[in-house]
Amino acid sequence: MKVCLTAAVAFAAVALVKAEAPAEETLPYFDDRSDGAALVRSLYNAINRKEYARAYGYFAETQPVGGFADFSRGYANTVSVEVRIGKVTTEGAAGSVYAAIPVAVKSIEQPQKIRLFAGCYVARIISPTLQAPPFTPYQIEAARLKEVEGPIEQAIPAVCEVP
């Protein structure tokens, strides 16, 4: 009887810990840089998991203005983000492949504020056959988003221009 009671208490304690685990621990880790859309999904997965160093690392040398400290502070009130991706266009130029990724992003912030952003990401990869180690996968070259109104489904730009 004592063993059963101890096991029940231990099980309840484990269940309580799991129920109180932060959302970032329950959201599966996703890191895919095989194309522009997957890269943007990985970016927002990192933001949802509050892994801001990983999110910042998806940007190329043209990293977000203000540096990492400002980038991570920009998400201080963010509870979660949802990204919707439109039709991605790709184009090759001078040994690189560029992907233009139209997005709409719904941001839920504290205290109970919902914001919607829409715009375009531009991702680039140097042709894999031209690279020497270390290999560099797709990286975000530019992000042009602005705050918009309306439902997320209608906020996705119809097209984004490849540079």
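1. Terms for the pocket. On a 1 Å grid over the protein atoms alone, a pocket is an open set of points with protein on both sides within 12 Å along at least five of seven lines, where a 1.4 Å probe fits; lining residues have an atom within 4 Å of a point. Grid points are joined across faces, edges and corners, and a volume is the space filled by probe spheres set on the points.

2. Basis. This is a predicted model, in which local features need pLDDT of at least 70 and side-chain atom pairs count only at pLDDT 80 or more, while totals for chains, interfaces and linings use all residues. Residues are numbered from 1 along each chain as its sequence is written, and side-chain values use heavy atoms, with hydrogens and water left out.

3. Largest pocket. It holds about 450 Å³ of space. There are 19 lining residues, and Tyr-44, Tyr-75, Phe-117, Tyr-121 and Leu-145 are the closest to the centre. The lining divides into 13 nonpolar, 3 polar and 3 charged residues. Here Ala, Val, Leu, Ile, Met, Phe, Trp, Tyr, Cys and Pro count as nonpolar, Asp, Glu, Lys and Arg as charged, and the others, Gly among them, as polar.

4. Where the lining comes from. Helices H3 (36-48) and H5 (67-73) each supply at least two lining residues, as do strands S1 (78-85), S3 (96-109), S4 (113-126) and S5 (139-148). Helices (H or I, at least four residues) and strands (E, at least two) are DSSP runs, numbered from the N terminus.

5. Largest nonpolar core. A nonpolar core is a set of buried Ala, Val, Leu, Ile, Met, Phe, Trp, Tyr and Cys residues joined through side-chain atoms within 4.5 Å. Buried means under 20% relative accessible area, exposed over 50%, and partly exposed in between (1.4 Å probe, protein chains only). The largest core has 24 residues; Leu-43, Tyr-44, Ile-47, Phe-71, Ile-101, Tyr-121 and Ile-140 touch the most other members. H3, helix H4 (52-57), S3 and S4 each give two or more residues to this core. H3 gives the most, with 6 residues.

6. Leaving out residues up to four places away in sequence, Leu-43 touches Ala-55, Tyr-58, Phe-59, Tyr-121 and Ile-140. Contact means heavy atoms within 4.5 Å. Another core, of 6 residues, lies apart from the largest one; Ala-100, Cys-120, Val-122 and Val-162 are among its members.

7. Disulfide. A search of the whole structure finds 1 disulfide (a pair of cysteine sulfur atoms within 2.5 Å). Cys-120 is joined to Cys-160, with S to S at 1.9 Å. Cys-120 is in strand S4 and Cys-160 in the segment after helix H6 (152-155), so the pair ties together parts that are 40 residues apart in sequence. The S-S torsion is about -85 degrees, so this disulfide is left-handed. Cys-120 counts as buried at 13% relative accessibility, and Cys-160 counts as buried at 4%.

8. Backbone points to check. The Gln-110 to Pro-111 peptide bond is cis, with omega near -10 degrees. Pro-111 sits in the loop between S3 and S4. Gln-112 lies in the loop between S3 and S4. Its phi is near 45 degrees, a positive value in a residue other than glycine. Gln-112 counts as exposed, at 83% relative accessibility. The Pro-133 to Pro-134 bond is also cis, with omega near -5 degrees; Pro-134 is in the loop between S4 and S5. Lys-50, in the loop between H3 and H4, has phi near 65 degrees, again positive and not glycine. Lys-50 counts as partly exposed, at 34% relative accessibility.
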